[in-house]
Amino acid sequence: MFKNTFQSGFLSILYSLGSKPLQIWDKEVVDGHVKRLQDEDIQSNVLEIIGSNVQQAFITCPADPNATLGIKLPFLVMIVKNVKKYFTFEIQVLDDKNVRRRFRASNYQAVTRVKPYICTMPLRLDEGWNQIQLNLSDLTRRAYGTNYVETLRVQVHANCRLRRIYFSDRLYSEEELPPEFKLYLPMQKS
């Protein structure tokens, strides 16, 4: 999808304020919903994914099951709200041995497990909004002893609220981020 695109700095694959935030995504929902709504904490539109079973309510990118993202930027950043329910997401990458590996993080798991094609790891979310940063290059090397080549697919399961999902060439400090990549909390009235 982005294989032949020049990639540097930031590459956003989901932004809740866009006219069609799920344009390149597919969604699958059984007993739940994926909808845009106003978040009271940030007073802005966000994408909410809710489901009674995390495996049956998710969004996946790219929408075409046979396509791949082809994103070479090694850092994945997700701006996500903890809704105090089970939540999981999965990233599929390609390594330099031409093997597809998956990294799954979830807030209901306590230990990291590395199996040949999937690495599952615990995710701890603070209350409210969180910025999740994954160094996919480092994860691939530590889990499999191979080198990260590109990200093929991103899947975000219930239950959460999303503001943005993007890839970057390195981790940026808050001051270096473009304004639209920052999460602004409204000023508290005293």
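Trainee: In this predicted model, does N98 count as buried or exposed, and at what relative accessibility?

Mentor: The place of N98 is in the loop between strand 7 and strand 8 (100-106). A residue counts as exposed over 50% relative accessible area. N98 therefore counts as exposed, with a relative accessibility of 63%.

Trainee: What is the phi of N98?

Mentor: N98 is a residue other than glycine, and its phi is positive. The value is near 60°.

Trainee: Which loop holds K84, and what is the relative accessible area of K84?

Mentor: K84 is not a glycine, yet it has a positive phi of about 60°. K84 is found in the loop between strand 6 and strand 7 (88-95). K84 is exposed, and its relative accessible area is 62%.

Trainee: Is T140 buried or exposed?

Mentor: T140 has its place in helix 1 (residues 136-144). The limit for a buried residue is under 20% relative accessible area. The relative accessibility of T140 is 0%, so T140 counts as buried.

Trainee: Which residues does T140 touch, not counting residues up to four places away in sequence?

Mentor: Contact here means heavy atoms within 4.5 Å. With residues up to four places away in sequence not counted, T140 touches V93, D95, F103, G145, T146, N147 and Y148.

Trainee: How many residues does the largest nonpolar core have, and which have the most contacts inside it?

Mentor: The largest nonpolar core has 40 residues. Strand 13 (residues 160-168) gives the most to this core, with four residues. Those with the most contacts inside the core are F87, F89, V156 and L162.

Trainee: What does F89 touch, not counting residues up to four places away in sequence?

Mentor: F89 is one of the residues with the most contacts inside the largest nonpolar core. Not counting residues up to four places away in sequence, F89 touches L76, M78, F103, R104, A105, L123, I132, L134, Q155, V156 and H157.

Trainee: What is omega for the peptide bond from A158 to N159?

Mentor: N159 lies in the loop between strand 12 (148-157) and strand 13. The peptide bond from A158 to N159 is cis, and its omega is near 10°.

How values were computed
Residues are numbered from 1 along each chain as its sequence is written. This is a predicted model: local features need pLDDT of at least 70, side-chain atom pairs count only at pLDDT 80 or more; totals for chains, interfaces and linings use all residues. Side-chain values use heavy atoms; hydrogens and water are left out. A nonpolar core is a set of buried Ala, Val, Leu, Ile, Met, Phe, Trp, Tyr and Cys residues joined through side-chain atoms within 4.5 Å. Buried means under 20% relative accessible area, exposed over 50%, partly exposed in between (1.4 Å probe, protein chains only). Helices (H or I, at least four residues) and strands (E, at least two) are DSSP runs, numbered from the N terminus.
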